[in-house]
Amino acid sequence: MKIRFRFWVGVSLVLVYMVIAAGAIVRVTGSGMGCPDWPKCFGYLIPPSEREQLDWNSQHEYSEGEVIIVDEVLRVAKTDFISSSQYTESNWETYTKHDYAHFNAFHTWVEFINRLAGALAGIATLIVGVLSIRYWKKKKRIPILSLLIILGMGFQAWLGKTVVDSNLLPAKITVHMVMALLILALLVYLYANTSPHKKEATTTPSLIKKLGVAAIVLTLIQIGIGTQIRQFIDIQIDFYGLDQAAKWLNPAPFKFYFHRSFSLLVVLINGYLFYMQRKMKLNFPVLKWILFTLICEVFTGILMYYLDFPFASQPLHLLLASLLFGAQLYFLFQLFHQNINTPTHDL
């Protein structure tokens, strides 16, 4: 049972990371409004693939909520009906949450795949919630946290709706990302604390604990600054367009240079942490992945600045930041709760 529960927690983690990656691709391709309504897409469960599907047609069976585009305005069917030979205004109402009324098949399907990944992640977390009930007598925090994850996924879905309704307001996108990180944190905690390996009481070197805490605090600061830069770039994209990447950071704001310089501190503290655990002969394999992820993160940042945001560099940069955050959390949970193969001593 425990193995099955941990397996589904792992599946949920992978799917949430997929949602983060898909969301980043949606942003970099400008596909955020590919589906202008929510939860359906132009009123369909499976989105249209051609612009003609959104034209009004005579003698056509329309369903309540189905969307068409008339005079560059979204119109929504009020009820189920069959259209007559002429367009009847009374059968339709104007979509009032925003005035975006464009169709691009590529953008629509990119956004739809993003939503589909979110739905799969939601199903996986529901399974985690059901399986967590077995822990109620021995570890009540497991089902409680599982319930919080389910509620968080529901809230995240609602946030996705507000993002679409606001026509991709940058601040709402940032809140959407922060919520994804909170869900990741809870899933990582469940994964780390349901390990099938027996835990033993040990004393971890205090220096390693302090370095571990400092490292993730610096990462969170770096992610926070990064979200502000991303908001700035979103505004630049709206002004210059997706085909003018060279102008997105020209001139770059001060927070960008701070973000770039601060990354050196993040690398140094994680590098020193890796060095010290090797020196003390501790057993934390995850630190190798943390250092590798961090190096890749810095590399993608260099690519974005010096090569004008090559394709996939921006979503990869965001995904790597999320992976780094998750790996560091996993390390902290191991650090404070799991056995390490070292003599007990304090520095």
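The model is predicted, so local features need pLDDT of at least 70 and side-chain atom pairs count only at pLDDT 80 or more, while totals for chains, interfaces and linings use all residues. Residues are numbered from 1 along each chain as its sequence is written, and side-chain values use heavy atoms, without hydrogens and water.

**Sheet**

- Three strands form an open sheet in the order β2-β3-β5, with antiparallel pairing; strands are DSSP runs (E, at least two residues) numbered from the N terminus, and two of them pair if DSSP finds at least two bridges between them.
- β2 (67–70) and β5 (92–94) are the edge strands, each with a single partner strand, so one side of each has no neighbour in the sheet.
- From one strand to the next, the twist averages 40°, taken between axes that are lines fitted to C-alpha atoms, with angles running from 0 to 180 degrees between N-to-C directions.

**Strand β3 and its partners**

- β2 is joined to β3 by 4 bridges, and R75 in β3 is the bridge partner of I68.
- The hairpin of β2 and β3 has 2 residues between the strands, and D71 in the turn has a positive phi of about 55°.
- β3 (residues 73–77) is joined to β5 by 3 bridges; in β5, T94 is the bridge partner of R75 and E93 that of V76.
- In β3, 4 of the 5 residues are buried, meaning under 20% relative accessible area (1.4 Å probe, protein chains only).

Notes. Buried < 20%, exposed > 50% of the residue type's maximum accessible area, 1.4 Å probe, protein only.
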